[in-house]
Each structure stands twice: as structure tokens, then as C-alpha cells.
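Subject: Structure handover

Hello,

Here is the structure I promised to pass on. Please open it first, then read my notes below.

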Amino acid sequence: MDNTPKGNRLHIALLGRTNVGKSSLLNLMLGQDIAITSPVAGTTTDVVEKAMELLPLGPVLFLDTAGLDDISELSGARLKKTAKVFDRADVVILVTEPDNWTDFEESVLTESKKLHIPVLIVINKIDLRQPSAGYLKLLSQKSSRILTVSCNDESKRQSYLENLKKQLLE
């Protein structure tokens, strides 16, 4: 698997606001702590790339990005790198929180649609709060691919991974 060139892998971009759990989702899917996570906004500065064999899909490359609502001193540089990920992405995983949809998420959908990139919406942090029926209805109008996860619940890693693969194969 490690010998598969980056260009021959399915590129999966993880996008979302700061601290929604993009890096935590990456770590959960990989089953290891690759990306640094922190309650401090703006922890991810550069695009973090991690290759993985995701059977039956085959070799994939996850692209973990900085938060879209980054307002730190380095936000301009971070957001430029994040925007370039659209040029590489075959699939976008848009990470959100229950009942929190903003213009940032909407902009990801707009850009993805413009570039014909499929979007999978992942609602994270369901251990803290379940998404409302209204929120789920809103998201179902935006994408047919929706998953709910708690990145803090490693006991459900395999289930989340299987659901992710199923959504990516559709």
C-alpha cells in the first residue's frame, strides 16, 4: 500500500470550521494519533496528508485542513492552502456539529458543486448533543451522504469506518 503513488489514490479532503473535529475524525478513521488535536482553535496549520488502504475502495489519501473560520494571525496563509485542496479532492468530507450550519459550510457545498466533487457530511460530537430532526432534514436536502459520529467513542470506530466506506462507494 505504501508504494501506491499519491496521484493514484482517491483524495479525500476533510473540511469544516475550526474545532469541529476534522483532525479527530482523521485519527479515528486511521486508528492512530497522526494529527495533533487540541481545544485551541487553529491547531492544524498545514494540510496534513495521510495515506491508508480503505478496502474495498483501495488506496486513499486523507487531506486534513485548517478550519474555514480561522481568524488567527496566520489565517490568510492557512486558508489559501485549504482552498487549494479543492483542486486535489476527489471527495469532500464536510465535518459539522449538531444544529450548527453556517455560511462556511454552505461555501464548501457551493465550491464542491461547482467542481463536481461529491460531498459527505459528517456530524461530529453526537456524544455531546444529538442533531435535531430539523437539522437532519436540512442536511438531507444538501447531500444524500450523511453520517453521525462521536470521535471520542473509539469503541465505535469499526462501525463508523464501515459506514464511511459504504457512503464513499455510493
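A residue is called buried under 20% relative accessible area, exposed over 50%, and partly exposed in between (1.4 Å probe, protein chains only). Lys 125 has 23% relative accessibility, so Lys 125 counts as partly exposed.

Two notes on the source. This is a predicted model: local features need pLDDT of at least 70, side-chain atom pairs count only at pLDDT 80 or more, and totals for chains, interfaces and linings use all residues. Residues are numbered from 1 along each chain as its sequence is written, and side-chain values use heavy atoms, with hydrogens and water left out.

Backbone points

Lys 125 sits in the loop between strand 5 and helix 4. Helices (H or I, at least four residues) and strands (E, at least two) are DSSP runs, numbered from the N terminus. Lys 125 is not a glycine, yet its phi is positive, about 70°. Asn 19 is also a non-glycine with a positive phi, about 60°. Look for Asn 19 in the loop between strand 1 and helix 1. Asn 19 counts as partly exposed because its relative accessibility is 28%.

There is a cis peptide bond to check as well. It joins Leu 55 and Pro 56, with omega about 10°. Pro 56 belongs to the loop between strand 2 and strand 3.

After helix 1 comes Gly 31, with a positive phi near 75°.

Leu 25 deserves a look. Not counting residues up to four places away in sequence, Leu 25 touches Leu 14, Ile 93, Val 95, Val 122, Val 149 and Cys 151. The largest nonpolar core has 43 residues, and Leu 25, Phe 62, Val 92, Ile 93 and Leu 164 touch the most other members. A nonpolar core is a set of buried Ala, Val, Leu, Ile, Met, Phe, Trp, Tyr and Cys residues joined through side-chain atoms within 4.5 Å. In soluble globular proteins, nonpolar side chains tend to be buried together.

Cavity

The whole structure has 1 cavity of 30 Å³ or more. On a 1 Å grid over the protein atoms alone, a cavity is a set of points where a 1.4 Å probe fits but cannot get out; a pocket is an open set with protein on both sides within 12 Å along at least five of seven lines; lining residues have an atom within 4 Å of a point. Grid points are joined across faces, edges and corners, and a volume is the space filled by probe spheres set on the points.

The largest cavity holds about 40 Å³. Its lining is Leu 14, Leu 25, Leu 26, Met 29, Phe 62, Ile 93 and Leu 164. Helix 1 gives the most to this lining, with 3 residues. By class, the lining has 7 nonpolar, no polar and no charged residues. Ala, Val, Leu, Ile, Met, Phe, Trp, Tyr, Cys and Pro count as nonpolar, Asp, Glu, Lys and Arg as charged, and the others, Gly among them, as polar.

Second largest pocket

This pocket has a volume of about 190 Å³. Helix 3 (residues 103–114) gives the most to its lining, with 5 residues. The lining has 4 nonpolar, 4 polar and 3 charged residues. Ser 143 is one of the lining residues.

Ser 143 lies in the loop between helix 4 (133–142) and strand 6 (146–148). Its relative accessibility is 10%, so Ser 143 counts as buried. A polar atom of its side chain lies 3.1 Å from the backbone nitrogen of Arg 145.

Thr 96

Thr 96 lies in strand 4 (residues 91–96). Is Thr 96 buried or exposed? Thr 96 is buried, because its relative accessibility is 0%. Its side chain makes a polar contact with the side chain of Tyr 135, at 3.3 Å. A polar contact is a pair of N or O atoms within 3.5 Å; within protein, one must be able to donate a hydrogen and the other to accept it, and residues adjacent in sequence count only if both atoms are side-chain atoms.

Best regards

Definitions and conventions: Contact = heavy atoms within 4.5 Å.
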